[in-house]
Amino acid sequence: MIKHLAAASLLLTTACLATGPATAADPGITDSEILIGDVEPLTGPPALLGVAASIGHKIAIAEANAAGGINGRKIKYVLEDDGYVTARTIQGVKKVIDVDKVFAMLGISGSGQSIAVMPVLEKSGIPTVIDVAPVKFLWEPARKNVFVVGQSYEEGIIHLVDFLADKNPGKKWGLITQDDDYGITVRDGFDSVVKAKKLNVVYSGNYKKGQQDFSSDMLQLKDAGAEVFLAGGIIAENIAMTKELEKLNIKPVTGIFWPGRIEPVLKLMGPAGDGIYAVDYVEPFAGAAGKAFLEKAKPLVSEAEFKGINRYTMTGYAAAKVLIAAIERCGKQPTWACTISELEKTKNVETGVMAPISFGPGVRFSNQKLQIMQADAATLSFKPVN
Amino acid sequence: MQYLIQLVISGLAIGAIYGLIAMGFAVIYKSTGLVNFAQGEMTMITAYIAWTISTTVSGNVFVVAVGAILAAIVLGLIIERLVMRPMLGEPVFATVMVTIGLAVILRSAINFIWDAYPHGLDIGMGRGIVHLGGIGVRTGQIAVIATLLLLLAAIWAFFRYSKVGVAMRAVAADDRTALLMGISATRVHALAWAASSVIAGIGGVFFALSYDLSPAMFQLGLKAFPATILGGLDAVLGSGLGGLLIGITENLAGGYIGSGMKEVAGFAMIIIVLMIRPFGIFGERDIERV
């Protein structure tokens, strides 16, 4: 009898060790709840992306909760505002990990903020899916617990400039970028295509972050005779540049990057925005996939939140779907180790808002497929062109 | 030549907006001896209120203008009564810090009350483009230059001939003596905050008309502050003219030296001017700087 009891105890101990630490070991999980944390800019101009991304997370969470949660556990979303201030991002991430004790992280804020907070994430070992600002530093080198959904800024710019160069051979080019890490990435991507395709760049400007009047910059662009123009602003800057070009009575072929590819921008640009090219890895809202997403989102968020939906809502939604699916695959007793392992096994996960998402052993970047879109001022929408 | 003229006209247009906001700084400083670091935020709030009126009440230019002016007066008075008046007699440093705190609160209010999206102020005019000999100007830009010039004349007459204007100058010169003469300093302060809010708000509305509304608009205050320093912190008219000078200088630097110089040019200019005239081009010598 004693022999049998000892054998049973040994088996039980072995079984426990084999399955890894259970709920007691990893925070953010109870019998009825799983906490997911996020830190985004919810105030200030970058709230445009932070609020939208958080709405995407909420939609995916509401969808999962409506279907019964993750293996019976409801998901609770803990959201902190960093105001796009790096020090506050670090504080916020520490707070949701150490005080709120969340099980996993989504987000996180802008590219500079994500980079700054990386040591905290790495040290904590918490499963994290980043979706707002994909930059290479976040996945090179690969960190065990940090996954990135999206495409790199540099690849995006290369794709856009390549497309415009093929479509407009022999034309004169103009470029203006912001004087920060975002601007440097845009310029690096642009320069690589200029070198490869020997483009004729007649204007190259660099504006200070926060600049609102682009009259002299666009006058220089006109004076230089640029026929193709890469507007390297984010949102308000691109609007100001386009309207300035309209005032100067010129309309070069213009390309913008995805941070500014939001529909309200077209309304503000007016007719001057018609025909502008953009690159992105999420579906345009004017397409079938975009419309289906909006239909899905409508009953899951408030009216105010629905109005705040933009492309970042799609990136947030996709990342949350991938994370939720990974936790779900871990069964009744999900752990950090299992979630990270399942995230790594993510293979062609369909989210409906971008190409299927995959990671792999040592691969922490989903490397989304890019597409070119063109603005239609009449319908205030972007439509795919390839 | 056309290139130069286009740069100067665009510089005058943005400079007129800086000038209006700079006058807002100067009105408060002249009457209270205080630098209001929330001036850009007050400008932004008035512009957002104008936009709200245009989208919810009426897009008629007169309705929007009257509504925005009334709202700016109320905003200025509320801030003076609730935030600034309790600070009367406190150290200048503490009072300035209060305006910085106020700036942060007003900035955040944009996201709480409105949203982070850019919006266009559509009142049926101001967005059209006039081409004069190949030079393009928006009608709103012509209007803001004209408005600044009119306001400069009106404010000059107000300080020179009206009883209230003379009372404000008296309080600015020596508030205790003014009090003995029967002038209520608190009333003058309230009037200054309301007037400052209206003048700067007009600048904000014109900016929204020519460009757009966004939560980044508060930065106009940072651009207008050098204009006040250049013109003279205590010189309301000088601050307006300082705005025009900064606008033209920025554009010429951006157009002839390079994009990167545009934002630096205004500050470089005030360093040079202050080395020669530490109290600004039109300022009085014995002002206290913060």
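Q: Which ring does the charged end of Arg311(A) sit over?
A: That of Tyr281(A), 5.2 Å from its centre. For a charge to sit over a ring, NZ of Lys or CZ of Arg must be within 6 Å of the ring centre and within 35 degrees of the ring normal. This is a predicted model, where local features need pLDDT of at least 70 and side-chain atom pairs count only at pLDDT 80 or more, while totals for chains, interfaces and linings use all residues. Side-chain values use heavy atoms, with hydrogens and water left out.

Q: What cluster is Tyr281(A) in?
A: Ring pairs link Tyr281(A) with Tyr153(A), Tyr182(A), Phe257(A) and Trp258(A). Rings of Phe, Tyr and Trp (its six-membered ring) pair if their centres lie within 6.5 Å; planes under 30 degrees apart are stacked, over 60 edge-to-face, the rest tilted.

Q: And how many aromatic pairs over all chains?
A: The whole structure has 19. One of them is Tyr48(B) with Trp114(B), tilted, at 5.0 Å centre to centre and 45 degrees between the planes.

Q: Is Tyr48(B) buried or exposed?
A: Buried, at 0% relative accessible area. Buried means under 20%, exposed over 50%, partly exposed in between (1.4 Å probe, protein chains only). Trp114(B) is buried too, at 18%.

Q: Switching topic: how many disulfides?
A: One over all chains. Cys330(A) and Cys338(A) form it, with sulfur atoms 2.1 Å apart; the cut-off is a pair of cysteine sulfur atoms within 2.5 Å.

Q: What's the handedness of that link?
A: Left-handed, with -110 degrees about the S-S bond. Cys330(A) is buried at 13% relative accessibility, whereas Cys338(A) is partly exposed at 24%.

Notes: Residues are numbered from 1 along each chain as its sequence is written. Chains are lettered from A and ligands numbered from 1 in the order in which they are written.
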